[in-house]
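Subject: Structure for your review

Dear colleague,

Please find below the structure that I am handing over to you.

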Amino acid sequence: MVVCLAIYAVFITILLLLYVFFDVNYFLRVAFVMGRGKLFESKKRIDECTEIYGLCTTQDIDIVFKHMNNARYIRELDFARFHFYDRTGLYKEIIKANGNVLQTASNIRYRRTIPLLSTYKITTKLIFWDKTNLFMEQQFVTLSDNFVRAIILSKQSIIGINLPEVLGKLTGKDVAYRPTPLPELEDWIKSIEKSSARLKKKN
């Protein structure tokens with residue numbers, strides 16, 4: 001009995017230390033999303049949209065205790081991107097080519113709040129790429145009304161590989177092929193370039 005209590009105390013102590021020094025829920029959510037995808041979902045083509053699902057809990061709400069706080073949207077997008085990379089096989093191909101992925105920019109537009117205890121899905125789609133970058137569009141959609149609550153553009157820089165060659169392999173198209181960018185994506189890319197040029201001049 002004493003030994004069992006000691007083991008239990010050690011276990012609880014380790015668990016508390018993990019929660020103090022690490023964001024344990026983040027890693028658990030990654031494991032759940034990736035595991036569920038591998039076990040219950042089929043592979044997707046690189047030009048298809050992927051979906052993950054979530055629930056706005058008390059850990060997600062903001063200071064008014066009514067809806068999801070702004071930072072949680074950004075956090076949830078990570079899980080959706082990980083899921084996309086895995087289900088499409090994109091990450092596997094990048095790693096096989098000894099490449100690396102770095103999130104370098106994002107642009108989020110909040111259209112309506114996600115209330116407490118609301119279920120939602122996050123859709124992720126690759127919408128454009130150039131020689132070194134991927135551009136994705138992601139949406140938060142509440143399941144009760146199918147309303148797009150937030151829409152996000154994100155840019156991931158792919159380091160150390162020939163990106164068009166990898167995407168050509170996955171799409172089955174010529175390496176010179178590019179999707180037609182959305183008008184708002186073109187504007188955003190130009191904004192990033194202007195910001196980069198200004199900061200380079202300043203430094």
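Please note that the model is a predicted one.

I begin with the chain as a whole. Its secondary structure amounts to six helices and five strands. In sequence order, these elements give the pattern α-α-β-α-α-β-β-β-β-α-α. Taken along the principal axes, the box filled by the C-alpha atoms is roughly 70 × 45 × 40 Å.

The chain has 203 residues, and 37% of them count as buried, where buried means under 20% relative accessible area. Its accessible surface is about 12600 Å², and carbon and sulfur atoms account for 61% of that area. As for contacts between residues at least 6 apart in sequence, 72% of them link residues at least 24 apart.

Which residues are the closest to the centre of the largest pocket? This pocket holds about 360 Å³ of space. It is lined by 16 residues, of which R81, F82, Y85, Y91 and V101 lie closest to the centre. At least two lining residues come from each of α2 (24–40), α3 (70–88), α4 (90–96) and β2 (100–110). Among the contributors to this lining, α3 gives the most, namely five residues. Sorted by class, the lining of the largest pocket comprises six nonpolar, four polar and six charged residues.

The second largest pocket, already mentioned above, has a volume of about 250 Å³. Its lining consists of 15 residues, and R29, Q59, D60, R72 and E76 are the closest to its centre. Which element supplies the largest share of this lining? That element is α3, with four residues. By class, the lining of the second largest pocket has five nonpolar, four polar and six charged residues.

With kind regards,
A colleague

How values were computed: Residues are numbered from 1 along each chain as its sequence is written. This is a predicted model: local features need pLDDT of at least 70, side-chain atom pairs count only at pLDDT 80 or more; totals for chains, interfaces and linings use all residues. Side-chain values use heavy atoms; hydrogens and water are left out. On a 1 Å grid over the protein atoms alone, a cavity is a set of points where a 1.4 Å probe fits but cannot get out, and a pocket is an open set with protein on both sides within 12 Å along at least five of seven lines; lining residues have an atom within 4 Å of a point. Grid points are joined across faces, edges and corners, and a volume is the space filled by probe spheres set on the points. Ala, Val, Leu, Ile, Met, Phe, Trp, Tyr, Cys and Pro count as nonpolar, Asp, Glu, Lys and Arg as charged, and the others, Gly among them, as polar. Buried means under 20% relative accessible area, exposed over 50%, partly exposed in between (1.4 Å probe, protein chains only). Contact means heavy atoms within 4.5 Å. Accessible areas come from the Shrake-Rupley method with a 1.4 Å probe; for residues, only the protein chains shown count as cover.
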